[in-house]
Amino acid sequence: FALLFRLHGSAVFKSLTPSLFSSALFAILYNVTDLEEDEEAIFDHPYALGALVAAFTFMLSFRANFSYNRYWEAFTVVHQMHSKWLDVGMDIASFHLQSTKYDGKRPPA
């Protein structure tokens, strides 16, 4: 729980302000308006629900695209790191066999 409730880099503190704002806004609107009389009027028109579904779908597709791009960027960086370590290993092996100590083990050139 220490990582969850720390100030720097925690998801809880990043989401706390918008969630408290939306909860307070809902509480105010719930107490001010009478939703029991307007419940049928709210859900009677499909455009409101359609707009919410479209916005949510748009947001979800962008989030999925960003995560997909982050995955492939990480995969590319890991592949480059593996390539660089292989280059280092090949350089070490090639300079290692240049010593006169390995004349008997060196492959013929």
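Phe75 comes out as partly exposed, at 46% relative accessibility (that label covers what falls between buried, under 20% relative accessible area, and exposed, over 50%, with a 1.4 Å probe and protein chains only). Trp72 gets the partly exposed label too, with a relative accessible area of 38%. This is a predicted model, where local features need pLDDT of at least 70 and side-chain atom pairs count only at pLDDT 80 or more, while totals for chains, interfaces and linings use all residues. Residues are numbered from 1 along each chain as its sequence is written, and side-chain values use heavy atoms, leaving out hydrogens and water.

On confidence (pLDDT, the predictor's score for each residue, from 0 to 100), the chain averages 81, and 83% of the residues reach at least 70. Helix H3 has the highest mean, 89, and helix H2 (residues 35–44) the lowest, 61. Helices here are DSSP runs of H or I, at least four residues long, numbered from the N terminus.

Now for the rings: the whole structure holds six aromatic pairs (Phe, Tyr or Trp rings, the six-membered one for Trp, with centres within 6.5 Å; planes under 30 degrees apart are stacked, over 60 edge-to-face, the rest tilted). Trp72 and Phe75 pair edge-to-face, 5.2 Å centre to centre with 80° between the planes. These two sit three residues apart in helix H3, so about one helical turn separates them. Ring pairs also tie Tyr68, Tyr71, Trp72 and Phe75 into a cluster.

Val88 belongs to helix H3 as well, which spans residues 46–96, and is partly exposed at 38% relative accessible area.
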